[in-house]
Amino acid sequence: MSDLRDLYQETILDHNRSPRNYRSLADANHQADGYNPLCGDRLTLFLKIEDGIVRDASFEGSGCAISKASASMLTESVKGRTVAEVRALFERFHRMVTSSTETPDDFVDLGKLAALGGVREFPVRVKCASLAWHTLRAALEERDEPVRTE
Ligand code: ZN
């Protein structure tokens, strides 16, 4: 288990150091802003959706390592998926970081996203990890209100 923890830690640090898809998207047709006042994390998420499929995803913003790594992994994870699949992924991710009955091992199907499963032990960090995901859902629903994690 400690090897796995090291791997997860390394994954988070790597995505924080070199976030993937960190840019604005000129031809985005969905976007939303998210803010986590507890930590000060801010981000804007951009999606290009065509024919019900996420063709491209990117983000910009500033925040702690967890929030940035989570947003980076999110953009990688949703590309090429249908909107229905992305919604299911949101539900699954949300359960991983909040469930008290399942262990992180129950979420290995989430691939590298499982690296963020450990945040459930740190309630403040749960908001950091889930900010990008709540912002994603807002972008899908085209809400005008910025997302706040509180
Ligand atoms: Zn944070």
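Two strands count as paired if DSSP finds at least two bridges between them. Helices (H or I, at least four residues) and strands (E, at least two) are DSSP runs, numbered from the N terminus. This is a predicted model, where local features need pLDDT of at least 70, side-chain atom pairs count only at pLDDT 80 or more, and totals for chains, interfaces and linings use all residues. Residues are numbered from 1 along each chain as its sequence is written, and side-chain values use heavy atoms, with hydrogens and water left out.

Start with the open sheet: four strands in the order β3-β2-β1-β4, with mixed pairing. β3 and β4 (147-148) sit at the edges with a single partner strand each, so one side of each has no neighbour in the sheet. Nine bridges link β2 and β3 in the antiparallel sense; across them, T44 has E60 in β3 as its bridge partner.

Now for helix α3 (residues 83-98). V83, V86, L89, F90, F93, M96 and V97 of α3 are buried, meaning under 20% relative accessible area with a 1.4 Å probe, protein chains only. Those buried residues fall within an arc of 130° down the axis (taken from the directions from the axis to the C-beta atoms), so they line one face of the helix. Their cover includes β2 (41-50), β3 (53-62), α2 (65-78) and α4 (123-141).

Technical notes
Buried means under 20% relative accessible area, exposed over 50%, partly exposed in between (1.4 Å probe, protein chains only). Contact means heavy atoms within 4.5 Å.
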